[in-house]
Amino acid sequence: QPMRKLIIGANWKSNGTIQSIRSLVQTVLNPAIIDYKNTEVVIAPMYIHLPIVKDILKSDFHLGAQNCSLTGPGAYTGEVAAEHLKDLGIPWVILGHSERRHIYGESDAVIAEKVKRAGALGLKTIICVGENLDERVAGTTTEVVSRQLDAIKYSLSDWNNVVIAYEPVWAIGTGKTATPEQAQEVHGSIRLWIGSNIGRLVANSTRVIYGGSVTDENCKELLVLDDIDGFLVGGASLKPAFKTILEICD
Ligand code: PEP
């Protein structure tokens with residue numbers, strides 16, 4: 001298997017108080033015993049918590065935002081631009097999360113533009129793709145994921161800074177994890193897409209991570225699969241179990 005460095009993202013979503021995130025950093029993240037040379041860990045708190053976490057998080061960890069604006073800085077009330085993330089020293093941003101797609105109506109085209117803006121500024125992106133339950137039942141998973149990838153094909157010039165997260169919508173926050181067979185099948189198809197649309201070397205070097213109800217119980221059986229290079233963890237990243245996940249995976 002090619003040497004792709006393991007990467008684990010923690011998507012805290014719109015959760016936490018100043019007190020609870022401080023405690024999470026001090027009791028769960030900072031004490032984790034992992035070799036950061038083997039494993040890259042990206043913590044994504046909500047925007048306003050980013051500076052607070054940045055102040056207290058061990059520098060072995062990396063920080064990410066959960067979104068960025070479709071626009072640059074300016075008269076865009078309520079928005080946070082990629083430029084602002086860069087200014088704050090936040091190297092990563094999650095884009096295309098299913099909650100952004102489905103609750104906030106972000107289309108493939110909107111996500112493609114955000115990916116383009118973030119990429120152009122040198123931010124590293126975790127780009128989420130994945131089918132919903134109807135699409136899986138209809139047997140169109142590969143088609144849906146390919147369509148989502150087609151949309152970002154021309155948004156990026158540098159794939160070194162890209163991680164693709166396969167997150168089946170039916171598995172996010174539901175306690176239903178994709179089986180290892182289901183996950184490997186889609187991860188394999190994502191790598192094939194990268195190979196035929198971007199290039200073979202890029203396909204070998206790009207991390208493809210799985211997200212959807214990952215826990216300390218199921219991470220091991222997923223991680224052994226050829227095309228799974230880590231995880232994007234939601235619910236479990238807010239719990240002491242996240243330390244266990246990091247230590248099991250490392
Ligand atoms: C996510 O939101 O990216 C996610 C994978 O959530 P959960 O782990 O809670 O399913």
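The structure is a predicted model, in which local features need pLDDT of at least 70 and side-chain atom pairs count only at pLDDT 80 or more, whereas totals for chains, interfaces and linings use all residues. Residues are numbered from 1 along each chain as its sequence is written.

Eight strands close into a barrel in the order β1-β2-β3-β4-β5-β6-β7-β8, with parallel pairing. From one strand to the next, the twist averages 25°. Strands (E, at least two residues) and helices (H or I, at least four) are DSSP runs numbered from the N terminus, and two strands pair if DSSP finds at least two bridges between them. Strand β4 (residues 92-95) pairs with strand β5 (residues 124-129) in the parallel sense over four bridges. Within this pair, Val93 stands opposite Thr125 in β5.

Of its 13 residues, Ile172, Gly173, Gly211, Gly234 and Gly235 come nearest. By class, the shell has five nonpolar, seven polar and one charged residues; Ala, Val, Leu, Ile, Met, Phe, Trp, Tyr, Cys and Pro count as nonpolar, Asp, Glu, Lys and Arg as charged, and the others, Gly among them, as polar.

Glu113 lies in helix α5 (residues 108-120). Glu113 is partly exposed because 19 other C-beta atoms lie within 10 Å; a residue is buried at 20 or more such atoms, exposed at 12 or fewer, and partly exposed in between, with C-beta atoms placed from the backbone. Glu113 and Val144 are 31 residues apart in sequence and 19 Å apart in space, C-alpha to C-alpha.

Terms used:
Near = placed C-beta within 6 Å. Axes fitted to C-alpha atoms, helices over the stretch in contact; angles between N-to-C directions.
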